[in-house]
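Please look over the model below before reading on. The notes after it are arranged by topic.

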Amino acid sequence: MRKKKTLWLAILAVVVVLLLSTYVAFISHPCRQRLKRTASVLNEIWNDRNLITQLKTPEGYQRILKERVNEPLACPDTGAPYQFFPEASIVLADAQPHKTRKFRFAIEWRHTKKGETFRVVIWSPAAKASKSKSTPSFFRILFEFIWQLTSWFNPPFRPRPADCQTNLRNVNMALMMYIQDYDEKFPPMKNVARTQLVLSPYTHNMGIFFCPITKQPYRPNPQLHHKPLPTLYYPAETPSFYEPVIHPDGLRGVAYADGHVRFATPSQWQTIQKRYKLPLP
Ligand SMILES: [Zn+2]
Ligand SMILES: [Zn+2]
């Protein structure tokens, strides 16, 4: 009876030691440490209004980040540069899984009422990708267990900031009301302040003209200046308003002349910008 008890205690001790060592390996992983330092720099950038106005393109964003992070923006384990994954609301992540333990770290962005927060998480680009053919190792299972634990403690984040989308939708609604009142013609669209002024009678809240994340005013599409709405060939593809600055994950809100709002990835934005000659201030 006593022997059985000691055996169980020994097994328990081994499990606890394994759990602890895995946890320590996870906490002190050099890649996680580097991303943590990068995340604190991101915090500084997104608390600085002057810096935010400079984040017009992913390249500019990365340049400003590189200037402030005093180490390479690459994984110490694989050597691969960290990449932006705008579609997943991931700011920077391992471009490939680590050599010894097959997982990636990433900086996840959350938009809260208090501001922007950045934290390091274990991340897989798609659920399918984690289903590898080889049998999962004990460590792998432990890592995934810890990963599950961390996600229980943190409620799921919204990949698309709803308040920016709502604002853009409301700006579009004010625009449509103006157009109905003025013989189907667009208002002056060449100057932000002027457009805001003529649309102000159609809203009670001037806050809708600004992105809640970047605090920058949405810019009107100058090509639509005083243009009659019926002359647009593709209203659903013609931007009415757009963001001059990108969100922390590289996405940019764009409102369209048919009333809908979408978030453009950097490559989608390049196409839209070229096609409609949208200036960035
Ligand atoms: Zn890494
Ligand atoms: Zn926005």
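The report covers metal sites, a helix, a surface patch, backbone angles and salt bridges.

## Basis

This is a predicted model, in which local features need pLDDT of at least 70, side-chain atom pairs count only at pLDDT 80 or more, and totals for chains, interfaces and linings use all residues. Residues are numbered from 1 along each chain as its sequence is written, chains are lettered from A and ligands numbered from 1 in the order in which they are written, and side-chain values use heavy atoms, with hydrogens and water left out.

## Zinc ion, ligand 1

The protein donors here are C31 (SG), C75 (SG), D94 (OD), D94 (OD) and H98 (NE2). They lie 2.0 to 2.5 Å from the zinc ion (ligand 1). Donors are N, O and S atoms within 2.8 Å of the metal (3.2 Å for Na, K and Ca); water is not among the atoms, so sites may look incomplete.

The donor residues of ligand 1 follow the spacing C-x43-C-x18-D-x3-H. C75 sits in the loop between α4 (58–68) and β1 (83–85), and D94 in the loop between β2 (90–93) and β3 (104–112), so the pair ties together parts 19 residues apart in sequence. Helices (H or I, at least four residues) and strands (E, at least two) are DSSP runs, numbered from the N terminus. C75 and D94 are both buried. Buried means under 20% relative accessible area, exposed over 50%, and partly exposed in between (1.4 Å probe, protein chains only).

C164 and C211 link distant parts of the chain, 47 residues apart. C164 belongs to helix α6 (residues 162–181), while C211 is in the loop between α7 (192–199) and β5 (219–220). Both C164 and C211 are buried.

## Helix α8

Which residues of helix α8 (residues 266–276) are buried? They are W269, I272 and Y276. These residues are on the same side of α8, because they cover an arc of only 65° around the axis. The arc is that of the directions from the helix axis to the C-beta atoms. Cover for the buried residues includes β6 (239–242), β7 (252–256) and β8 (261–264). Contact means heavy atoms within 4.5 Å.

The face turned away from the buried side carries Q270, T271 and K274, which are exposed. K277 follows α8 and has a positive phi, near 50°.

## Nonpolar surface patch

L7, W8, I11, V15, L19 and F145 form a nonpolar patch on the surface. Together they have about 580 Å² of accessible area. Patches are made of residues with over 30% relative accessible area and no salt bridge; like charges are joined within 9 Å, nonpolar side chains (Val, Leu, Ile, Met, Phe, Trp, Tyr) within 5 Å. Accessible areas come from the Shrake-Rupley method with a 1.4 Å probe; for residues, only the protein chains shown count as cover.

Helix α1 (residues 2–27) gives the largest share of the patch, 5 residues. V15 lies in α1. V15 is partly exposed, at 42% relative accessible area.

## Positive phi in loops

Most residues other than glycine have a negative phi. D183 has a positive phi, near 50°. D183 is in the loop between α6 and α7, and it is exposed at 69% relative accessible area. H226 has a positive phi near 55°. H226 is in the loop between β5 and β6, and it is partly exposed at 43%.

## Salt bridges

How many salt bridges does the structure hold? There are 7. A salt bridge is a side-chain nitrogen of Lys or Arg within 4 Å of a carboxyl oxygen of Asp or Glu. E71 and R37 form one (2.7 Å, N to O). This pair links distant parts of the chain, 34 residues apart: E71 is in the loop between α4 and β1, R37 in helix α2. R37 is partly exposed, at 41%. R34, R37 and E71 are linked in a network of salt bridges.

R68 pairs with E67, with the closest N and O atoms 3.6 Å apart. R68 is partly exposed at 34%, and E67 is exposed at 52%. E108 and R110 form a salt bridge at 3.1 Å between the closest N and O atoms. Both E108 and R110 are buried.
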